[in-house]
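Student: I am new to this protein. Can we go through it together, step by step?
Tutor: Gladly. Take a look first, then ask away.

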Amino acid sequence: MYRPYIHILLQACATALAVAALATTASATEGQRPRIGLVLGGGGARGAAHVGVLKKLQELKIPVDCVAGTSMGGLVAGAFSSGLSPSEMQIALKEADWRDMFSDSASYADFTPRLKGSSQSYIPGSEGGLKNGTLQFPSAVLSGQKIKFFIDRLVRANAAPQRIEGQPLPLALVTTDIVTGATRVWRSGDLATLMRATMSVPGLMAPVKYEGLSLVDGGLVDNVPIAQVQQLCQPDVVIAVNVGSPLLKAEDIDASPLAVTGQMINLLTEQNVTQSLTRLRPGVDVYIRPGLDGITAGDFERSEETIARGYAAAAAAEPELRRLAASEEQYAAWQRSVSRQALPDITVQAIHATGLPPTQAQVLTEKLDTKPGATLSVQTLENDLLKAYGEGKYSNVAYQLVQESDATALNIVATEKPWGPDLVRAGVNFSWGTSEEARYNIRGAYHQTRLNEDGGELLLTGQLGSDNALGADFYQPLDAASAWFVQSQGFVGTYAADLYQNGTAQARFRVDVAEINGGLGLNLGRYGVLKSGLLQRHQRAETTIGSSSLLGDNTTVDNTAWFISADLDRFNSPFFPTAGWRARLTQTRASDYTKLDGSYAQSFSLGAYVLTGRMAFTRATDGTLPISDSASLGGTNNLTGLAHGQIVGSDMRYLGVRSEKIIGRMPLGMRGDLRLGLSYEAGSMQQRYSETQGSGIIRSSGVYLGGETPLGPLYLGVAKASENDARLFLFLGNP
């Protein structure tokens with residue numbers, strides 16, 4: 001009954017839309033071009049396709065009057081609004097070191113000496129905090145430290161204060177208030193900070209604290225923000241680009257818990273996208289969805305391919321887009337209005353640090369190589385902030401340029417770890433070799449990092465397994481800005497050791513040890529530390545398997561000794577470096593002996609190949625070393641073809657070379673690589689307490705698979721020493 005009327009109504013709507021489209025085209029022809037709003041949706045690395053769409057719009061001479069973006073679409077929208085051309089964006093995405101950007105932290109070489117020690121002893125990423133009586137952990141895998149630097153450079157935040165409302169092209173960035181779930185749309189505010197906020201995928205990147213809010217990825221609430229661009233400039237035509245990830249298939253969802261989490265986020269996103277797309281007007285607005293099959297939200301290193309697919313999708317929509325093209329004169333005028341202007345070198349007149357107590361803020365600004373009154377260097381500033389981050393105190397260190405009267409000031413925004421200042425860490429290790437028992441340890445630490453305003457620290461440690469120990473370490477700088485410190489350490493522990501003869505363990509003994517030491521130290525910047533002081537050690541050995549006569553007269557030893565040490569470390573990774581060096585030298589003077597031991601290691605790399613050499617020695621320069629303070633050979637990277645601690649004695653010499661090829665890398669967001677390596681080692685022990693029948697130089701060669709893992713360094717291989725049969729070996733975890 002009503003069908004004829006419905007048909008007439010539909011025809012009328014179609015006619016009206018066609019007339020509107022013709023009117024739009026006619027107005028462009030007559031010289032009054034349509035107002036165009038551009039919408040760039042979220043999709044992680046798939047958002048690089050937006051750059052391809054922008055290239056096609058530029059080619060067709062289609063001007064844009066305002067732009068709204070979410071997540072990666074927000075990154076591209078922010079850069080576009082600031083005047084960055086599509087070609088410049090493509091170069092920036094191609095040249096970006098995404099693996100380094102997603103590693104987040106400063107180079108290991110820029111860690112403080114104490115943080116380097118923690119990195120060697122505990123699992124990367126295991127840090128949590130004890131706060132208000134509860135155990136807390138970081139809210140995300142990444143803090144976004146280096147990603148923020150990338151954004152700063154894109155929008156020239158290092159060259160002038162950059163505000164959303166001050167950009168050539170009107171911009172709206174969409175974020176989500178993670179506390180309330182509310183949509184937060186920004187048409188004013190600090191540009192780089194809010195671009196970083198809209199990219200904060202929950203769980204992957206930490207929320208951004210801004211104006212009292214905790215902001216995360218806007219894709220959770222509005223992944224294709226059509227309504228926002230309509231409100232921003234009331235466009236006649238909307239061009240909407242959707243690069244969101246499709247829903248996973250059933251078999252992919254069952255693959256892992258992370259897949260379930262990803263599917264949940266995709267479901268939330270798809271629901272708001274479906275609702276948003278209803279705002280598009282058929283025949284008026286243009287909808288582009290690039291074909292991105294096979295490209296995931298994490299494929300940042302495939303930006304060139306992704307951009308090409310975005311361009312292809314825009315080219316397919318060319319019949320719809322051509323009616324929006326401006327005349328040569330109109331497009332040239334628009335380009336002049338949105339193009340970047342050259343900015344002069346900037347001189348910072350003042351430097352402030354916010355988010356910190358006054359004393360810490362002063363110490364932080366005084367440590368910067370960037371000084372008031374000097375021309376600002378972005379490389380120097382980023383290095384300054386990475387060094388501050390490398391102190392291990394902050395979850396994020398960023399910067400903003402702000403205008404103060406007629407001067408420009410640099411504002412350092414340091415965020416203390418929300419899960420601190422009392423930290424907890426964990427570590428594990430496991431080692432095994434042919435014809436020897438497996439060794440394993442689980443360790444934990446409780447670290448109080450703010451005992452007083454001058455930076456006093458207390459570190460309590462414990463370990464269970466093959467070696468059991470409890471320890472305490474008190475560290476006190478002489479003042480907050482001083483490199484000098486006093487330190488006192490103590491530990492008690494029990495460990496088992498085997499005594500070898502003729503390549504076979506003849507006895508096993510248990511050693512109980514207690515030590516306390518204290519002294520004065522000097523931090524040499526990021527290079528290392530010098531220390532000097534006194535130690536008192538008590539050690540008692542007891543045979544548990546085999547003859548007690550093998551221990552001789554060394555069952556109980558008490559030592560009081562003076563020591564001086566230098567520990568310098570410029571490697572770029574604690575266990576598998578590609579560049580840098582490490583040097584250590586210690587002299588211990590007791591009443592009846594003097595001991596000198598040291599080591600030096602250096603790494604070089606050429607492409608995927610890495611060469612690392614290490615030499616070490618221990619020598620009694622006076623008297624005879626007791627077994628409690630002796631040297632040993634045997635175990636991974638210490639004559640690998642020998643069993644762990646197979647040769648014990650005095651006057652040790654060691655030389656080893658590792659040649660490795662990098663054959664794989666950990667996924668984005670995780671540090672480290674996988675290597676196939678060859679090793680050659682040689683060593684000698686002039687005075688032996690075990691394997692006493694042998695003498696001369698021992699040689700060892702091996703092949704192994706090695707690399708950084710989430711649990712620490714891994715070595716798996718086979719090695720042959722001149723005094724042993726071939727030995728399979730495995731080491732995993734922190735030494």
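Tutor: One term before we start: a contact means heavy atoms within 4.5 Å. Keep in mind also that this is a predicted model.

Student: What share of the contacts with a separation of 6 or more comes from residues 24 or more positions apart?
Tutor: Count the contacts in the protein with a separation of 6 or more. Then pick out those between residues 24 or more positions apart. Their share is 64%.

Student: How many helices and strands does the protein have?
Tutor: The C-alpha atoms fill a box of roughly 110 × 60 × 45 Å, taken along the principal axes. Of the 735 residues, 50% are buried. The secondary structure consists of 16 helices and 30 strands.

Student: How far apart do the centres of the positive and negative side chains lie?
Tutor: There are 63 positive and 70 negative side chains.

Student: Which residue of S13 is the bridge partner of Ile351?
Tutor: S11 and S13 (residues 407-416) run parallel. Five bridges join them. In S13, the partner of Ile351 is Leu410.

Student: Where does Pro421 lie?
Tutor: Most peptide bonds are trans. The bond joining Gly420 and Pro421 is cis, with omega about 5°. As for its place, Pro421 lies in the loop between S13 and S14.

Student: How many bridges join S14 to S15?
Tutor: S14 (residues 422-433) pairs with S3 (residues 128-131) over two antiparallel bridges. Five bridges, also antiparallel, join S14 to S30 (residues 727-733). With S15 (residues 436-448), again antiparallel, the number of bridges is eleven.

Student: Which residue in the turn between S14 and S15 has a positive phi?
Tutor: S14 and S15 form a hairpin. Two residues sit between the strands. The one with a positive phi, about 65°, is Ser435.

Student: Is Gln234 buried or exposed?
Tutor: Gln234 lies in the loop between H9 (226-233) and S9 (237-241). Its phi is positive, about 45°, although it is not a glycine. Exposed means over 50% relative accessible area. Gln234 has 54%, so it is exposed.

Student: What is the relative accessible area of Asn502?
Tutor: Asn502 lies in the loop between S18 and S19 (504-523). It is not a glycine, yet its phi is positive, about 55°. Asn502 is exposed, and its relative accessible area is 61%.

Student: How far is Ser488 from Ala240 in space?
Tutor: Ser488 is found in S18 (residues 484-501). With a relative accessible area of 33%, Ser488 is partly exposed. Ser488 touches several residues beyond four places away in sequence, among them Phe474 and Asn517. Ala240 is 248 residues from Ser488 in sequence, and the C-alpha to C-alpha distance is 63 Å.

Definitions and conventions. Residues are numbered from 1 along each chain as its sequence is written. This is a predicted model: local features need pLDDT of at least 70, side-chain atom pairs count only at pLDDT 80 or more; totals for chains, interfaces and linings use all residues. Side-chain values use heavy atoms; hydrogens and water are left out. Helices (H or I, at least four residues) and strands (E, at least two) are DSSP runs, numbered from the N terminus. Buried means under 20% relative accessible area, exposed over 50%, partly exposed in between (1.4 Å probe, protein chains only). Lys and Arg count as positive and Asp and Glu as negative; His and the chain ends are not counted. The place of a charge is taken as NZ of Lys, CZ of Arg, CG of Asp or CD of Glu. Two strands pair if DSSP finds at least two bridges between them.
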